[in-house]
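I opened this model to get to know one chain. My notes follow in the order I looked things up.

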Amino acid sequence: LGDVYKRQGLDFSQLSPISTEHISVKLKNAKAIWNALKAQGTYQTYTCKDLNQLAINLALSSVPEKTRQRFEQYGTQFVLLDDKQASTGFTWVAGTLSKDVTSNGYEIQSTSLFTDPDMKIQKFAGMQYLSLIHI
């Protein structure tokens, strides 16, 4: 195509494509929200594995049927492993998300960290830290 556009000083569009490999998420966990609402009954806690499966399902339901069938027949299938549980924020950041192609498929394992709503350091109490796939 040649130089269709003039390059601007810090224009990185001509470099190799760059995309995120995962999304790091921090949010209040279900237990903390449930306690704050003084709700009755039970609450649902979602893991990285659960949310990653929802993302894959959404992606597959968003493509034409023929494309989905072709992926299911010929594509490398996703294998979501149970979350690795981090013990501190440092181990969560270091752990992030691992990916590996094996004979089982494209294995993905996320690192998560849950903090108790009653922990002493309120700034970190009742949080859920997740590493999610980027589709």
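I began with burial: 23% of the 135 residues of the protein chain count as buried. I used these cut-offs: buried is under 20% relative accessible area, exposed is over 50%, and partly exposed lies in between, with a 1.4 Å probe and protein chains only. The model is predicted, so local features need pLDDT of at least 70 and side-chain atom pairs count only at pLDDT 80 or more, while totals for chains, interfaces and linings use all residues. Residues are numbered from 1 along each chain as its sequence is written, and side-chain values use heavy atoms, with hydrogens and water left out.

Next I looked up the surface. The protein chain has an accessible surface of about 10100 Å². Carbon and sulfur atoms hold 57% of that surface. These areas come from the Shrake-Rupley method with a 1.4 Å probe; for residues, only the protein chains shown count as cover.

Then I listed the elements. I found four helices and six strands in the protein chain. Their order along the sequence is β-α-α-α-β-β-α-β-β-β. Helices (H or I, at least four residues) and strands (E, at least two) are DSSP runs, numbered from the N terminus.

I checked contacts, meaning heavy atoms within 4.5 Å. Among those between residues at least 6 apart in sequence, 66% join residues at least 24 apart.

I turned to helix α2, residues 48-61. Its 14 residues reach 20 Å from first C-alpha to last, close to the 20 Å expected at 1.5 Å a residue. The expected span is 1.5 Å times one less than the number of residues.

Which residues of α2 are buried? I noted Cys48, Asn52 and Ile56. They sit on the same side of α2 because they cover an arc of only 70 degrees around the axis. That arc is taken from the directions from the helix axis to the C-beta atoms. The buried residues of α2 pack against β2 (78-80), β5 (105-114) and β6 (127-133). On the other side of α2, I found Leu58 and Ser61 exposed.

Last, I looked at phi. Most residues other than glycine have a negative phi. Lys38 has a positive phi, near 50 degrees. I located Lys38 in the loop between α1 (30-37) and α2. Lys38 is exposed, at 67% relative accessible area.

Thr96 also has a positive phi, near 35 degrees. Thr96 lies in the loop between α4 (89-95) and β4 (97-102). Is Thr96 exposed or partly exposed? At 21% relative accessibility, I put Thr96 down as partly exposed.
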